[in-house]
Amino acid sequence: MKRTNTFLASLVFASMISTMGYMNAQTQTKEAPDWRKLHYLSEEEMKTPVRATNFTETTPSPEAPRFVAEFEPMQGVMIRYPLGIPVSLVKSLAENCQVYCIVTSGYQSSARSSFSSAGVNLNRVTFVNASSDSYWVRDYAPWYIFAGKNPAIVDNVYNRPRPNDDAMSSVFANFWGIPMYGMNLTHTGGNMMEDGRGHAVSDELITSENNYNEVDVRQKMLDYLGIDNYHITIDPQGEYIAHVDCWGKLLAPDKILIAKLPTSNSHYQDYETVANYFATTNCCWGYPYKVYRVEEPGGSTVAPYTNSLILNKHVYVPMGSNSTYNERALQVYRDAMPGYEVEGVSNTSNSTGWQNTDALHCRTRGVMDFNMLYVDHRNVLSGTQECGESIAIKSKFIAYSGKPLKEDSLLVYYRINNGDYQTALMTPTGEPDEYVGYITGYSQGSEIDYYVYGADESGHSYQQPVFGELEPHHFTVGVVNNN
């Protein structure tokens, strides 16, 4: 896709680096800047502060877009070779799903040999021949959406002067044979979190890189990605990178993980401000986010715990340099995500080791399951609900595979006062893709736990919340006042 936008981001970052004097503790350990730690610009790129390129913006999808969340079903994960991750992680990823490895034809033999020697299941690796400039796949890989019920890609203006990386959306649109929509907005994957239901989070880098035109930013996010509730926060980390995945992570539509620093750290209050914002802001299900905190010691200690990868029912967490903090971080994930396998991943390589501003999430990118079953129970019941003869639970079921739903497998699972789970069959309401089931048998003051489950004829199934009976939706039946 051709670009028609002056590369403002380079000016911003060049000025930023100049004024900061390469300020963070890691980069001050050398007389000259450590270009690897600057993550986004090599020494040569830093000498090119302005990059005039062309971008042809397309119209958005004519059908409503849905930007899929990281914690939704994934058919695969994207990486790049030469690697920025341990080859042992490639082995683990290939046990989870298909690995799509970006590699030039000249390097493919080397990649295959390296993977084979490490015991990677090569049947679960697909090599995609393309040139790339860096291993930060998260930042430049395609943004996968559903346009109506069909997979598509949204391409944005990549905020780095790297032409091969910038072309990757086109590479994969051709690889998959799916439409691509051009959104003339400077952005990067590391500064983007979405819940799959129209809510998303970025820090203020998104406005500074787009001429501080927040109205335009929000409109484009809505038009191209279906984001109608865009949380734009401060950057509490105060680092050169200004990427949200360096300090926070959406774990579910109603859960967010925020790093926590010692009170002595100069950025302590900034982190608390962001955490408090989400603790007092409603998620897509109508109640405040459940905020989880992961402790980081600050300073030069490596602790990149929010920079993790959620891949189906597995969480890969980058380990830092302090074992005590590592174990605490893993436990936070286990507490927040019951039923998931949580795995710590170490990387102490001198050249590609984890950093607080660049770790596992930065170097991988999930590929949504084009045939997933989407369970969208939007009107979640919580708090106290009015007592009646029955309580209706409505949900949409969208089989992106195009296969029929299993009508006998669209269910509300519920229990009353911690009793055994029972089911209510859901039937069509007459609205597109919408079904309803009824909870009965309760009394005033009853405590109700429930979740919604569906399956289709393609073999796909899903539930909301994804934790199911381990952490269901919950509400209390009100007491009728007869006075």
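Me: Which residue does E272 form a salt bridge with?
Reply: That's R293, and the closest N and O atoms are 2.8 Å apart. Keep in mind that this is a predicted model.
Me: Okay, and where do E272 and R293 lie?
Reply: E272 is in helix α10 (residues 268-279) and R293 is in strand β15 (residues 290-295), so the pair ties together parts 21 residues apart in sequence.
Me: Is E272 buried or exposed?
Reply: Buried, because its relative accessible area is 16%, and the cut-off for buried is under 20%.
Me: How many salt bridges turn up in the whole structure?
Reply: A search finds 16. Among them, D358 and R363 meet through their side chains at 2.9 Å, N to O, and both of those residues are buried.
Me: What about D376, which residue does it form a salt bridge with?
Reply: R378, with the closest N and O atoms 2.9 Å apart. D376 counts as buried at 11% relative accessibility, while R378 is partly exposed at 35%.
Me: Which residues are linked in a network of salt bridges?
Reply: D254, K255, K290 and E471.
Me: Switching topic: where is E204?
Reply: In the loop between β11 (199-203) and α8 (205-208). E204 is partly exposed, at 38% relative accessibility.
Me: And what does E204 touch, leaving out residues up to four places away in sequence?
Reply: I232, T233, I234 and D235. The E204 side chain reaches the backbone nitrogen of D235 at 3.2 Å. As for I234, its C-alpha is 5.5 Å from that of E204, though the two are 30 residues apart along the chain.

Technical notes: Residues numbered from 1 in each chain as written. Predicted model: local features only at pLDDT ≥ 70, side-chain atom pairs only at ≥ 80, totals over all residues. Heavy atoms only, no water. Helix = DSSP H or I, 4+ residues; strand = E, 2+ residues; numbered from the N terminus. Buried < 20%, exposed > 50% of the residue type's maximum accessible area, 1.4 Å probe, protein only. Contact = heavy atoms within 4.5 Å. Polar contact = N/O pair within 3.5 Å; in protein donor to acceptor, adjacent residues only side chain to side chain. Salt bridge = Lys/Arg side-chain N within 4 Å of Asp/Glu carboxyl O.
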